[in-house]
Amino acid sequence: MEILVVEDDESIRNLIVSQLQDAGFEVSTAGDGVEGLAAVLDRRPDAVILDINMPRMDGFTVLERLKKDPETSHLPVLMLSAQSSPEDIRRAVQL
């Protein structure tokens, strides 16, 4: 199973990757939303861990585009944020 980690903070990204690899997952990464969206379309991972606050394209925009595309709408996505508000949680669940 391959998991794509889309996180702009390198230290957080490395920590997540390390933990997932230790658990036996194949992991690919992207440093922002634009790279993440391209990686999903190129690599076709089984799941995505997606940061909300990123440069160039935020996680909400990536999620919205993934869910609108019939080829990626089924993809499980776990949203991450250091500053998650109840509004952010509602928005992510709605998308």
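User: Before we start on this predicted model, what does "exposed" mean here?

Analyst: Exposed means over 50% relative accessible area, and buried means under 20%.

User: OK, so why is glutamate 10 called exposed?

Analyst: Glutamate 10 has a relative accessible area of 52%. The cut-off is over 50%, so glutamate 10 counts as exposed. You'll find it in helix H1, residues 10–22.

User: How far is glutamate 10 from alanine 30?

Analyst: They're 9.9 Å apart in space, C-alpha to C-alpha, and 20 residues apart in sequence.

User: Now glutamate 7, in the loop between E1 and H1. How do you know that it has no salt bridge?

Analyst: Check the nearest side chain of opposite charge: that's arginine 13, 6.4 Å away.

User: What does the side chain of glutamate 7 reach, then?

Analyst: The backbone nitrogen of aspartate 9, at 2.9 Å.

User: What makes a set of residues a nonpolar core, and which members of the largest one touch the most others?

Analyst: The members must be buried nonpolar residues joined through side-chain atoms within 4.5 Å. The largest core has 17 residues, and those touching the most other members include Leu4, Val6 and Met79. Strand E1 and helix H3 are among the elements giving two or more residues, with H3 giving the most, four.

Methods. Residues numbered from 1 in each chain as written. Predicted model: local features only at pLDDT ≥ 70, side-chain atom pairs only at ≥ 80, totals over all residues. Heavy atoms only, no water. Buried < 20%, exposed > 50% of the residue type's maximum accessible area, 1.4 Å probe, protein only. Lys, Arg positive; Asp, Glu negative; His and termini not counted. Salt bridge = Lys/Arg side-chain N within 4 Å of Asp/Glu carboxyl O. Polar contact = N/O pair within 3.5 Å; in protein donor to acceptor, adjacent residues only side chain to side chain.
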